[in-house]
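I am opening a notebook on this structure.

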Amino acid sequence: MADYTKLAAAVRTKFGKGAARKIRANDQIPAVVYGHGTEPQHITLPGHETMLLVRHANAIVDLDIEGAAQLALVKDVQRDPVRQVIEHIDLVVIRRGEKVTVSVPVVVEGESFSGTIHVQDESTLSLLVEATNIPEHVVVDVEGLEDGAQIRATDIELPEGAELETEGDTLVVSIVTPRGTADDDAADEAAAEAGAEAGAEGGSEPVESE
């Protein structure tokens, strides 16, 4: 089994906004662990270590809840919309060998054909994967793709053992020519041709003598 971040957690017995504020003021984060038919367990987690952990999507944590070991998946992180302080975390109990549905980030690599750009329509894919082997991301390679190319969910190579849950025809990345580029080029060419013709006509006019 892989090495997961270990966090020491304490059982939480006081609730409400006032209690939560005191927990956060003490550099801790309120959380709840649930799943597999168990009763939800309210805990507190160490603030700094937990903030580092949740920087990664679908982080798995090896909890030590007052001596009891529990493997859990970070399911939801609730933040203050202004200060971005973590207010609460939901964790789901996981077991070795089981599969879970998770949203995995899509990373675009490569450079599309000259003059085009890629537009990413989906930032994540929903995958069914082993709970203890969740990929950090999936890769979409756009190297050399030309204008009009489209990559749909079903076209993306998935990590071994992963199954696609997102609808297969979902558009993930498309290659386009930025609006105005082709028109601007045509306008520049037309202006250059018009200028050349005007210059030629002007140069052929006879010069009258006084």
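**Entry 1: terms.** I need a cut-off before I start. Exposed means over 50% relative accessible area, buried means under 20%, and partly exposed is in between. I also keep in mind that this is a predicted model.

**Entry 2: salt bridges.** How many salt bridges does the structure hold? I find 2. I remind myself that side chains of opposite charge can pair when their charged atoms come close.

I looked up R83 first. Its side chain meets that of D80 in a salt bridge, at 3.9 Å from N to O. Is R83 buried or exposed? R83 has 60% relative accessibility, so it counts as exposed, being over 50%. D80 has a relative accessible area of 14%. That is under 20%, so D80 is buried.

Next I looked up E163 and K99. Their side chains meet in a salt bridge at 3.0 Å, N to O. This pair links distant parts of the chain. E163 sits in strand β12 and K99 in strand β7, 64 residues apart. How accessible are the two partners? E163 has 39% relative accessibility and counts as partly exposed. K99 has 38% and also counts as partly exposed.

**Entry 3: a charged patch.** Which residues form the negative surface patch? I list E109, E111, D141 and E143. I placed one of them, D141, in strand β10, which covers residues 138–141.

**Entry 4: T116.** I found T116 in the loop between β7 (99–109) and β8 (117–120). Its relative accessible area is 13%, so T116 is buried. What does its side chain touch? The side chain of T116 makes a polar contact with the side chain of S112, at 2.8 Å. The T116 side chain also reaches the backbone oxygen of F113, at 2.5 Å. I record both contacts for this buried threonine.

**Entry 5: T166.** Where does T166 lie? I place T166 in the loop between β12 (163–164) and β13 (171–176). At 19% relative accessibility T166 counts as buried, because the cut-off is under 20%. A polar atom of the T166 side chain lies 2.8 Å from the backbone nitrogen of S126.

**Entry 6: recap.** I close with the two threonines. T116 is buried in a loop, and T166 is also buried in a loop. The T116 side chain reaches a backbone oxygen, that of F113, while the T166 side chain has the backbone nitrogen of S126 at 2.8 Å.

Conventions: Residues numbered from 1 in each chain as written. Predicted model: local features only at pLDDT ≥ 70, side-chain atom pairs only at ≥ 80, totals over all residues. Heavy atoms only, no water. Patch = residues over 30% accessible without salt bridge, like charges linked within 9 Å, V, L, I, M, F, W, Y side chains within 5 Å. Areas by Shrake-Rupley, 256 points an atom, 1.4 Å probe, with all protein chains shown as cover. Salt bridge = Lys/Arg side-chain N within 4 Å of Asp/Glu carboxyl O. Lys, Arg positive; Asp, Glu negative; His and termini not counted. Charge placed at Lys NZ, Arg CZ, Asp CG, Glu CD. Helix = DSSP H or I, 4+ residues; strand = E, 2+ residues; numbered from the N terminus. Buried < 20%, exposed > 50% of the residue type's maximum accessible area, 1.4 Å probe, protein only. Polar contact = N/O pair within 3.5 Å; in protein donor to acceptor, adjacent residues only side chain to side chain.
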